[in-house]
Amino acid sequence: MPGLYGVFPDGSGEPCQGTLLFRPTAYRGADDGESVLGGSPVRVVLDGDGEFDIDLESGNYYVDIRLKGAPTFSREISVPDVNDSVNLKTLLEDYLEEDGS
């Protein structure tokens, strides 16, 4: 199962407080070519350093990033089927470039 991690500093480099909610998309392809209903949402609280590290099944998710003092940032991501950990920022790069973040 792939690991997913990330770090959320504020503009001055201090750790952010907040949560992330990973919601599987409604349907995902099964190994036999059939579609199956996605799993349950996974909520993660950033630690005292503004970091998180979780294991998620590979597949497509909607992620809601809620940081204290900032508007909620919601996007769809695709968690690859790999054995290594993946930085959430890598999965969001296209969106971050569009938004100028």
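This is a predicted model: local features need pLDDT of at least 70, side-chain atom pairs count only at pLDDT 80 or more; totals for chains, interfaces and linings use all residues.
The chain contains one helix and nine strands.

Four of the strands form an open sheet in the order β5-β2-β7-β8, with antiparallel pairing. From one strand to the next, the twist averages 25 degrees. Within the sheet, β7 (residues 59–67) and β8 run antiparallel and are joined by seven bridges. In this pairing, Tyr61 has Ile77 of β8 as its bridge partner.

The largest nonpolar core comprises 20 residues, among which Leu4, Phe22 and Phe52 touch the most other members. At least two core residues come from each of β2 (18–24), β6 (51–55), β7, β8 and α1 (88–99). Strand β7 provides the largest share, four residues. In soluble globular proteins, nonpolar side chains tend to be buried together.

Phe22 illustrates these contacts in detail. Leaving aside residues up to four places away in sequence, Phe22 touches Leu4 and Phe52, and its other contacts include Val42, Val44, Ile54, Tyr61, Val63 and Ile77.

For the chain as a whole, 33% of the 101 residues count as buried. Among contacts with a separation of 6 or more, 55% involve residues 24 or more positions apart. The chain exposes about 6,500 Å², of which carbon and sulfur atoms supply 44%.

Notes. Residues are numbered from 1 along each chain as its sequence is written. Side-chain values use heavy atoms; hydrogens and water are left out. Two strands pair if DSSP finds at least two bridges between them. Axes are lines fitted to C-alpha atoms, for helices over the stretch in contact, and angles run from 0 to 180 degrees between N-to-C directions. A nonpolar core is a set of buried Ala, Val, Leu, Ile, Met, Phe, Trp, Tyr and Cys residues joined through side-chain atoms within 4.5 Å. Buried means under 20% relative accessible area, exposed over 50%, partly exposed in between (1.4 Å probe, protein chains only). Contact means heavy atoms within 4.5 Å. Accessible areas come from the Shrake-Rupley method with a 1.4 Å probe; for residues, only the protein chains shown count as cover.
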